[in-house]
Amino acid sequence: HYAARRFFQPVTVSAIPAEDGRPINFSMVNDTAEDVEIDMNIVALTMDGNRVPLKSANGTCTTDKAATLTDIDMSSLPDGTILAWSFIASNGMTGEGHHVRDTYKALELLPAGLTFTTSSLKNGQFEIDVTASGLALFVMLEADQPGRYSDNLFDLAAGETRRIIFTPKAGGGQPHFRVFDLHGCQSPH
């Protein structure tokens, strides 16, 4: 549901590989009633979570349209990295994504060093700060009780922290959280 919310967002940028997989076109989509300007950064992410800047792009997407913002040749991507991007639109909408050259199981993923801290808010919600010391793909929080997260299923690079708000269902008490990522789910326990 969290991924669907992101890709159905009214302003977004998507990676569209060519048939031969070498050039990747980045398509900007604007389903709002106003033109938006989009600023985008493209990086290579190493398996230890470091960012290698590749390209920046800027463009205007007119109302209710889709257009190519930029492209990148996958041959410019260093070996052992994945393609990642983030954008911000002039209306405040933001987004990010990644593209894997081959398959996820072919990646030489390393432990992401995920840690998290939680604190109670006065309104009954809980604030969770999730930090990675390496590359963490598809980070997912889980609680031992029902509730709603402000976000879930996201990526973190080395040194990044994401703050998530958890709203428990009424009467749940103090939740206990767990955090997962792609590497942790692929590793034997």
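Colleague: Leaving aside its neighbours within four places in sequence, which residues is Ile38 in contact with?

Modeller: Ile38 is in contact with Val11, Val13, Met28, Ala57, Asn58, Gly59, Leu69, Phe87, Ile88 and Ala89, where contact means heavy atoms within 4.5 Å. This is a predicted model, in which local features need pLDDT of at least 70 and side-chain atom pairs count only at pLDDT 80 or more, whereas totals for chains, interfaces and linings use all residues. Residues are numbered from 1 along each chain as its sequence is written, and side-chain values use heavy atoms, with hydrogens and water left out.

Colleague: Why is Ala44 called buried?

Modeller: Buried means under 20% relative accessible area, exposed over 50% and partly exposed in between, with a 1.4 Å probe and protein chains only. Ala44 has 0% relative accessibility and therefore counts as buried. Ala44 belongs to strand E3, strands being DSSP runs of E with at least two residues and helices runs of H or I with at least four, numbered from the N terminus. Beyond four places in sequence, Ala44 touches Asn50, Arg51, Val52, Leu54, Leu77, Pro78, Thr81 and Ile82. Its C-alpha atom is separated by 4.8 Å from that of Leu83, 39 residues apart along the chain.

Colleague: What makes a set of residues a nonpolar core, and which residues of the largest one touch the most other members?

Modeller: The members must be buried Ala, Val, Leu, Ile, Met, Phe, Trp, Tyr or Cys residues joined through side-chain atoms within 4.5 Å. The largest core has 20 residues, of which Val13, Phe26, Ile38, Met40, Ile42, Leu69 and Leu83 touch the most other members. E1 (11-17), E2 (23-30), E3 (36-46), E4 (51-61), E5 (65-73) and E6 (81-89) each supply at least two residues of this core, and the largest share, five residues, comes from E3. A second, separate core of 16 residues includes Ile128, Leu141, Tyr149 and Phe177.

Colleague: Why is an open space called a pocket and not a cavity?

Modeller: On a 1 Å grid over the protein atoms alone, a cavity is a set of points where a 1.4 Å probe fits but cannot get out, whereas a pocket is an open set with protein on both sides within 12 Å along at least five of seven lines; lining residues have an atom within 4 Å of a point. Grid points are joined across faces, edges and corners, and a volume is the space filled by probe spheres set on the points. The largest pocket holds about 510 Å³. Its lining has 23 residues, and the closest to its centre are Arg6, Trp85, Glu96, Gly97 and His98. E7 gives the largest share of this lining, six residues.
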